[in-house]
Amino acid sequence: MPRLTASKLLLLSVLSFLITIFYLFSKTSVSLETDPDGSEYDLDTIDEEIKYARRLLDEIPDPSKNRVQFSKIDDNGYAFSAFTDDRNGNMGYKNVRILMFITGSDEFSCEINGKRSYGVTLYELSENHKMKWGLFILNCLLPEGITFNDVNAVKISRISTGVTIQIPIRYRIQDEKSMTPDEYDYKMSTCVPALFGHVYYARKIIEFVELNSLQGIDKTYIYYDPVKMNDEGTRRTLNFYSDNLKINLIEFTLPFNSHDVWYHGQLATITDCLLRNTGITQYTFFNDFDEFFVPVLQNQTLLETVSGLFEDRKVASQRTALKFISTKINRSPYTLKNVISTKRLETRFTKCVVRPEMVFEQGIHHTSRVIQDEYTSPSHDGSLLRVYHYREPKYCCEKETLLKKRYEYKLREEFDSVVNLLEV
């Protein structure tokens, strides 16, 4: 142990004195408030905490129990995911907005904090495809004298029937022009639409999460219907990653027959996930379990590649071309076993990476509406970033080995480790 000399003791005493003076000075500069029982509160700290809390989602603390909560209006309508929107763009300002599934366009009224909204409009999303149930956004103009931070719920009424329900505010969307890069909690996230059918299984999920993690994606949002999740290994895998905070596992159970809505209601999960990431994540990808965004240049990471594509601050989203990869070997990790692809890049059924706060309506294959008229949604040709879509075993005749070359050994190591741990 080093010996304490007299000079060192003197130095320590001086440092202790200076720290004490600095502490006392700092305390005198803090804004304090005293409540009726005499307790003192640091107002600056409280203000920061309130600002932070209002930016974050009002989620259930345990992410494995997080869910999309539907509120029944009547037999022809359900509301969910209400949010305040402080973006002064082409969709009106200032509005409280509510996502709704309804069976047809109708008129509604809104009441916010006891005051009637005098600007109520219904916006139909563009990918309903004339199905019985369509996804709409009810826009309620904020009444005079009320601020967004005072709004915790909105009361909506169907005018034709007089039915009234109250919907809690789920998200608070900031003014996107005021945001700075240091405000995001995550750099990159991925949204996976609702799981359905039998094509999803434990090992495929493990491969997806681990490969995305190796690519630097911070969070994966997975929507699923627990009623239809019958495989024990799949449930165990989802809960494992949820408990370890690698995924946000979100319950999504439609309150009506899924065959009466376009593509099992995926548009609702995409829209909800867009809201979850707005103000939280800088770049968000929308893709399925059998799709991966791949940086083409070997000396660039996924984040570096995406950041370059969004260097123009008016770019709100990038539609990314994809390559279909033949799955002749249909066993995980299939990204390491299959490399034969189509020759040409697919530019119709693209996938998107977006800056969430700049997007108002996101579709399955493209961005349907940006929040400001000057924002753009260009199509990228796949020269810097592309999507690998692992599909039917019929494609040829090129090799696409970018993922395999980058991550073969590390992915195999992580994949085997989780498979052995979970015994799936």
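**A helix and a cavity**

Helix α3 covers residues 202–214, which is 13 residues, and reaches 18 Å from its first C-alpha to its last, close to the 18 Å expected at 1.5 Å a residue. The model is a predicted one.

How enclosed is α3 by the rest of the structure? A residue is called buried here if its relative accessible area is under 20%. By that cut-off 10 of the 13 residues of α3 are buried, so the helix is largely enclosed by the rest of the structure. The buried residues are A202, K204, I205, I206, E207, F208, V209, E210, L211 and N212. Charged residues are included in this list: K204, E207 and E210 are buried. Just after the helix, G216 has a positive phi of about 95°.

Next come the cavities. The model has four cavities of 30 Å³ or more, and the largest cavity has a volume of about 50 Å³.

Which residues line the largest cavity? They are F101, E127, N128, L135, V261, W262, G265, Q266, L267 and A268. By class, six of these residues are nonpolar, three are polar and one is charged. Helix α5, which spans residues 266–277, gives three residues, the largest share of the lining.

How values were computed
Residues numbered from 1 in each chain as written. Predicted model: local features only at pLDDT ≥ 70, side-chain atom pairs only at ≥ 80, totals over all residues. Heavy atoms only, no water. Helix = DSSP H or I, 4+ residues; strand = E, 2+ residues; numbered from the N terminus. Expected span 1.5 Å × (residues − 1). Buried < 20%, exposed > 50% of the residue type's maximum accessible area, 1.4 Å probe, protein only. 1 Å grid on protein atoms, 1.4 Å probe; cavity = no way out; pocket = protein on both sides within 12 Å on 5 of 7 lines; lining within 4 Å. Points joined across faces, edges and corners; volume = space filled by probe spheres on them.
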